[in-house]
Amino acid sequence: MAQVWFEKRERGSRWALRAVRAVALRAGRRTARVLLWPITAYFFLALREGRIGLRRYYQALDGQRPTLGRLFGHYLTFARTVLDRVYLLASHRDAPRYEIRGFEAVASYLDCGQGVLLLGAHLGSFEAARAAAFLRPGLKIQIIMNTKVSRQLNEILMALNPEARESVVPLGGPASLLRVREFLAHGGLVGLMGDRVVAGETTYSADFLGATASFPLGPLRLAAALRAPVFFFTALYHAPVDGACRYELLFEPLCGPAPDVRARGEWMRQLGERYAQTLERFCRLAPDNWFNFYDFWQAPGADASCRRATRDPGDGDGPGSERPVDGSHATEDLGGRGKS
Amino acid sequence: MVNSRQTDFEREIAQLLVSSLNLGLDACAIDPEAPLFREGLGLDSIDMLEIALAISQHYGIQLRSDDPENGVIFASLRALAATISARRA
């Protein structure tokens, strides 16, 4: 029964996404933004899990139960950033403007031919962050992605821009990571997300908005193995002032290139801690840019069967998503590997 | 299990794996025929990247992303050692 329902829902949202894309490109941003209200209202009412997850987030953020208006505004921000992805990818005349902060430090590495790793989060707009590649001529960016998650949304959006599609490196194959390493060695930018735990992944714990949360260890290990300097990056969406909204592209140094393997544990511990702290700071700066619509503090694996049952298998992004866990997590001590 | 004893060179590579990955196990304990990844030693693609870097540092052999033999090279300790000694020659 559940399977049938999921399939129906996947078809339904695929159709809706295609319709939104078509309307967005033909009617322009102003009209499309008006249409976002009823669409957002539908998802807001239909997806109870997302509201519960967000409530938990706001309570961690300022200790208060958020009003329905605030929660709805949050959904609307998410919808607006998805809409803007359409314009950014299509290089449409309505593509929003962005401001850049902190790129100088990244540039000083690039000047020496050293590539830089950008550790992002489901915070703000992923697509606006991709605009980092336009910051200097010849600069290229690759995004390491778990392509199984939010597959459908990405397929529909990426169809707009073959170049953006090519810049995505699917997580998995050993050869793909060697390719990323070569790309960094040639002075490229590599982006990956460091906040969301996927099924079966090893995690580490860090203090985040006043409580302990689990983060995936893989991105830290990868950063260590790639031996590149690591920056936090995000593109925060800011609500319109005088009718024009904007994105703020932010780069913050986290750690220099990883030391040799003996000092690796301490390096990863620092990176994990700084990542969580930086993420927290930006959450406070732009609270409605947080796009993990599930209880971020719930221990991975806890209540997994129930969460699996309510998960939308077609798309792991947005208010309908649950943290994709399967309960087989291990929390690893950053100091040693202990694989025996 | 006729072939499950490590040769001297395989022992050397096994030690390189243990030290470069900080594995916390005895290099002698790695079965040269067992798969290195997933079900065998339980290594993943990030570990493979570390191994590729360690090999290039120690033996001057560049393992490249477009190498069609990547699947074979990392199949087991034995396959890895064989590739290194063949390419080093």
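Not counting residues up to four places away in sequence, Arg65(A) touches Arg55(A) and Gln59(A), where two residues are in contact if their C-beta atoms, placed from the backbone, lie within 7 Å. The model is a predicted one, in which local features need pLDDT of at least 70 and side-chain atom pairs count only at pLDDT 80 or more, whereas totals for chains, interfaces and linings use all residues. Residues are numbered from 1 along each chain as its sequence is written, and chains are lettered from A and ligands numbered from 1 in the order in which they are written.

Arg65(A) is placed in the loop between helix 3 (48-62) and helix 4 of chain A; helices (H or I, at least four residues) and strands (E, at least two) are DSSP runs, numbered from the N terminus. With 9 other C-beta atoms within 10 Å, Arg65(A) is exposed, given that a residue is buried if 20 or more other C-beta atoms lie within 10 Å of its own, exposed if 12 or fewer, and partly exposed in between, with C-beta atoms placed from the backbone. Between Arg65(A) and Arg179(A), which are 114 residues apart in sequence, the C-alpha to C-alpha distance is 46 Å.

Chain A as a whole contains 12 helices and 10 strands, and 41% of its 340 residues count as buried. Of the contacts in chain A between residues at least 6 apart in sequence, 76% join residues at least 24 apart.

The largest nonpolar core has 102 residues, among which Leu117(A), Leu119(A), Ala223(A), Val230(A), Phe231(A) and Leu271(A) touch the most other members; such a core is a set of buried Ala, Val, Leu, Ile, Met, Phe, Trp, Tyr and Cys residues joined through C-beta atoms within 7 Å. Helix 4 (residues 68-89) of chain A supplies the largest share of this core, namely 9 residues. When neighbours within four places in sequence are left aside, the contacts of Leu119(A) are Leu192(A), Gly194(A), Pro219(A), Ala223(A), Val230(A), Phe231(A), Phe232(A), Leu254(A) and Tyr275(A). Leu118(A), a residue of strand 2 (residues 116-120) of chain A, is buried, with 23 other C-beta atoms within 10 Å. Under the exclusion of neighbours within four places in sequence, Leu118(A) is in contact with Leu189(A), Val190(A), Gly191(A), Phe231(A) and Phe233(A).

Helix 10 of chain A is largely enclosed by the rest of the structure, because 9 of its 9 residues are buried. These buried residues are Gly218(A), Pro219(A), Leu220(A), Arg221(A), Leu222(A), Ala223(A), Ala224(A), Ala225(A) and Leu226(A). The axes of helix 10 (residues 218-226) of chain A and helix 2 (residues 45-59) of chain B come within 9 Å and cross at roughly 10°, the axes being lines fitted to C-alpha atoms, for helices over the stretch in contact, and the angles running from 0 to 180 degrees between N-to-C directions. The two helices are therefore roughly parallel to each other, a term that applies to angles under 35 degrees. Gly218(A), Arg221(A), Leu222(A) and Ala225(A) of helix 10 of chain A make this contact with Ile46(B), Leu49(B) and Glu50(B) of helix 2 of chain B.

Chain B, which contributes helix 2 to this pairing, has 4 helices and 0 strands. Its radius of gyration (taken over C-alpha atoms) is 12 Å, close to the 12 Å that the globule rule gives for 89 residues, so chain B is as compact as a globular protein of that length; the rule is 2.2 Å times the number of residues to the power 0.38. Along the principal axes, the C-alpha atoms of chain B fill a box of roughly 30 × 25 × 20 Å. Buried residues make up 36% of the 89 residues in chain B.

Most residues other than glycine have a negative phi. Ser91(A), although not a glycine, has a positive phi of about 50°; Ser91(A) lies in the loop between helix 4 and strand 1 (97-101) of chain A and is exposed, with 10 other C-beta atoms within 10 Å. Leu209(A) has a positive phi near 50° and lies in the loop between strand 6 (202-208) and strand 7 (211-216) of chain A, where Leu209(A) counts as buried, with 20 C-beta neighbours inside 10 Å.

Notes:
Angles under 35 degrees count as roughly parallel, over 145 as roughly antiparallel, 65 to 115 as roughly perpendicular and the rest as oblique.
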